[in-house]
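Please open the structure in a viewer and follow the stops below in order. Each stop names a selection and then describes what is found there.

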Amino acid sequence: MGKQGQCLQTLAAGFERAGVGLHSGADVTVRVQPAAAAEGRYFIRLDQPDAPRLRANLTTVAETQLSTELAASGTQVRTVEHLLAALAASRVDCARIEIDGPEVPLLDGSAREWVEAIATVGLTEIAAAAPNPPLVVTEPVTVQAGDAFVIAMPAPETRFTYGIDFPYPAIGKQWQSWTPAQEDFATNIAPARTFGFADQIEQLRQAGLIAGGSLDNALVCDEHDWLNPPLRFANEPVRHKLLDLVGDISLLGRFPQAHILAYKASHRLHVQLARELQAREMVRSC
Ligand SMILES: [Zn+2]
């Protein structure tokens, strides 16, 4: 994402992907297009009357159970986090995201296709009327729920770290870091897929969730092992959690200069931390 005093970036051309939404099961087409500097990143529901717009920032976050949903003026878009992570990590500041349904397609459960599509069309710089202020975290900021937490620590550069601990032997304890200035998102983080647990699938389906989930777009494990190996990384689950964190934190409009460390956290805690940072006026929305 853009740094102070630099131009903002958008896509050099548009691209399109289609697929099934994880929770809705709806077939959806997404067309990601260049946008002007003042527009930031926004969704536009082409299937609804008057094509309502939804800015991708903290003011529109409505629901954070299992995925991140944006809602405003009577419309919503669900499961935005993988596409937003791909845009942010690829340094796309402004994009018009046309969508003809209620949920971003899950594709293969990762951000790989989004990142590859962005790399294929390339980026272009656009002049901004006013440069973005730097988003520097100057004191530790923590949010927690039970033994889960997310902390933003002052740091010389942006860095994300994630830790998980699941009572499934296939996962157990896993840690992963990503430093945008030093490590490639496309190869290290973007390919990590969504994961779930066989013993929770029926319960989630009955709750009207994961209608579009399958062994083709999510890693699933039972109490013994993975049902659909091979994994893309030995610690693919925690890399996916880091991908989700990057997408949720990007709702601030750019990455803060901080080390953001999440442990056993969730979309709800990721967004709560972003809101804390914004409320303390260390950062402001795009
Ligand atoms: Zn995810």
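Which domains does the domain assignment give for the protein? In this predicted model, the assignment gives domain 1 as residues 8–126 and domain 2 as residues 141–279. Colour these two ranges separately. The centres of domain 1 and domain 2, taken over C-alpha atoms, are separated by 19 Å. The contact draws 31 residues from domain 1 and 31 residues from domain 2.

Turn next to the side of domain 1 that touches domain 2. The elements giving two or more residues to this side are α1 and α2 (112–121). Helix α1 supplies the largest share, seven residues. By class, this side of domain 1 holds 16 nonpolar, twelve polar and three charged residues.

Now select helix α1 (residues 81–89) together with helix α5 (residues 236–249). These helices pack at an angle of about 75°, and their axes are 7 Å apart; α1 and α5 are therefore roughly perpendicular to each other. On α1, display Glu81, His82, Leu84, Ala85, Ala88 and Ala89; on α5, display Leu243, Asp244, Val246, Gly247 and Asp248, as these residues make the contact. They divide into six nonpolar, two polar and three charged.

Finally, move to the open sheet of three strands, which has the order β6-β7-β8 with antiparallel pairing. Strands β6 (61–63) and β8 (75–77) stand at the edges with a single partner strand each, so one side of each has no neighbour in the sheet. Neighbouring strands of this sheet are turned by 40° against each other on average, direction ignored. Select β7 (residues 69–72): three bridges join β7 to β8. Leu70 stands opposite Val77 in β8.

Conventions
Residues numbered from 1 in each chain as written. Predicted model: local features only at pLDDT ≥ 70, side-chain atom pairs only at ≥ 80, totals over all residues. Axes fitted to C-alpha atoms, helices over the stretch in contact; angles between N-to-C directions. Helix = DSSP H or I, 4+ residues; strand = E, 2+ residues; numbered from the N terminus. Parallel < 35°, antiparallel > 145°, perpendicular 65-115°, else oblique. Contact = placed C-beta atoms within 7 Å. Nonpolar A, V, L, I, M, F, W, Y, C, P; charged D, E, K, R; others polar. Pairing = 2+ DSSP bridges. Domains from an automatic or database assignment.
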